[in-house]
Amino acid sequence: MPATVVVGTQWGDEGKGKLTDLLAREMELVVRYQGGHNAGHTLVVDGETFALQLVPSGILYHHITPVIGNGVVVDPKVLLEEVDVLQTKGVDTSRLLVSGNAHLIMPYHHELDQLAERYLGRNKLGTTKRGIGPAYADKSSRIGLRVQDLLDEKIFRQKLDVVLKEKNQLLAKVYNRLPLAADDICDLYLGELAPRLSPMVADTVGVVHDALERGAHVLFEGAQATFLDLDHGTYPFVTSSNPVAGGAATGAGIGPRFIDEVIGIAKAYVTRVGSGPFPTELTDATGDVLVERGREYGVNTGRRRRPGWFDAVMMRQAVRLNSLSEVALTKLDVLDTFETVKVCVAYEANGERFVHPPYHQSVFHQVTPVYEELPGWQTDISGATELADLPEAARAYVHFLAEQIGVPVRLVGVGPGREQFVRFAA
Ligand code: GDP
Ligand code: IMO
Ligand code: MG
């Protein structure tokens with residue numbers, strides 16, 4: 001199996017960091033293919049917590065080459081700060097590579113993300129305000145600056161001068177803000193950041209293909225998730241990249257025939273941060289239990305995540321969109337205290353029943369979930385290490401989910417620690 005993709009199947013924060021870290025043992029390369037520092041991926045190793053934003057989750061292993069692919073948007077300041085934090089924790093970051101074709105997040109991207117959200121008022125998307133959308137917009141408009149531009153001062157200044165003219169007009173005339181000075185940006189990006197970043201800049205497409213050609217196992221680590229995907233998510237309440245498994249092909253430079261396996265990661269319930277539709281959302285005391293037991297607060301932004309029951313309708317769509325080979329289910333332990341647990345098996349709207357999400361958003365926004373209620377297990381499962389350790393009702397819950405979505409569940413998470421997974425075969 002030379003190439004595996006790990007992809008979020010819900011609205012993010014499913015535990016991609018933890019699963020990537022677990023699988024990285026058997027890999028040589030771990031490659032991020034989209035998103036930026038809007039991601040927050042948590043690894044818990046021997047009680048120590050690592051919160052990663054841009055650095056791939058394989059970084060903790062000495063044998064791994066972590067790669068930031070061309071599809072990622074990179075804020076070089078944030079990346080170097082993250083590297084510094086890892087180094088102070090004793091992590092060797094010297095193998096980290098960054099694609100020269102990845103686009104840079106610039107200071108005006110941050111500012112415009114914040115201003116756009118403020119101007120949207122009640123209609124805001126609830127972005128992470130990291131400049132992600134504006135950076136991808138400039139990439140599509142073909143006025144973006146790329147990581148490789150940091151290595152050529154003349155080109156960097158030329159491109160910046162052109163783009164800053166337009167951005168400063170926008171900042172001043174639309175948003176009534178002060179213009180940004182090209183010299184200040186150059187001092188930071190070329191003077192401070194480029195010298196430190198340049199040793200990491202590489203032809204990552206070449207690196208990935210060389211690895212695949214020698215039979216090395218490469219892991220592609222998705223950020224965000226299927227329903228935050230720009231094309232397939234709950235538009236406009238999405239991110240500006242393609243987290244779905246197909247995004248690994250464009251975001252890392254491999255043809256689709258290279259992908260051998262796609263592991264979908266799902267929480268045993270669902271959470272969402274920011275605005276947008278969420279059919280199984282719980283705004284009651286049950287939701288509070290999920291948030292408190294699951295510690296559902298954003299890794300970077302600290303925002304409370306919105307909780308809800310597991311949604312098999314959305315999950316069936318995620319199976320299709322990603323061609324999932326299997327599912328890793330996380331946070332089953334968070335459901336430990338419930339007397340009963342619910343699973344959404346279909347939607348209803350206007351007298352019609354849906355087993356896949358209706359494509360039209362006007363219908364999607366109106367759906368009511370149809371639930372099946374299953375017995376809870378009311379047992380602490382956080383110490384489980386094998387299938388036999390899980391209570392019958394917990395196993396039945398996982399079997400039920402697997403049956404509903406039509407894809408095997410192979411791993412079940414029972415706690416945040418690297419070892420807190422049970423191998424399953426449902
Ligand atoms: P990611 O963005 O998909 O990598 O996920 P996050 O790191 O944002 O959020 C997942 C959170 O759940 C983190 O705090 C993890 O440490 C934690 N976590 C992952 N798997 C499990 C699990 O099986 N049980 C529990 N209780 N926590 C888990
Ligand atoms: P990980 O990789 C959860 C959400 C934001 C917002 C929308 C758009 O940790 O799962 P953006 O800043 O990307 O323009 O915001 O997407 N969002 C995430 N939600 N997990 C994430 O990443 C997210 N990255 C972005 O909350 O609703
Ligand atoms: Mg996260």
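Reply: Two helices, helix 10 (312-322) and helix 11 (361-364), each give at least two residues to the lining of the second largest pocket. (Helices are DSSP runs of H or I, at least four residues, numbered from the N terminus.) Helix 10 makes the largest share of that lining, with three residues. The model is predicted, so local features need pLDDT of at least 70 and side-chain atom pairs pLDDT 80 or more, while totals for chains, interfaces and linings use all residues. Residues count from 1 along each chain, chains are lettered from A and ligands numbered from 1, as written, and side-chain values use heavy atoms, without hydrogens or water.

(A pocket is an open set of 1 Å grid points where a 1.4 Å probe fits, with protein on both sides within 12 Å along at least five of seven lines; lining residues have an atom within 4 Å of a point.) Its volume, the space filled by the probe spheres, is about 300 Å³. By class, the lining holds nine nonpolar residues, seven polar and one charged. Gly counts as polar here, Tyr and Pro as nonpolar.

Now ligand 2. Around it are 20 residues (a heavy atom within 4 Å). Lys16, His41, Thr128, Gln224 and Thr239 come nearest. This shell has seven nonpolar, ten polar and three charged residues.

For Thr239 the distance is 2.6 Å. For His41 it is 2.8 Å. For Arg303 it is 2.9 Å.

Note on methods:
A polar contact is a pair of N or O atoms within 3.5 Å; within protein, one must be able to donate a hydrogen and the other to accept it, and residues adjacent in sequence count only if both atoms are side-chain atoms.
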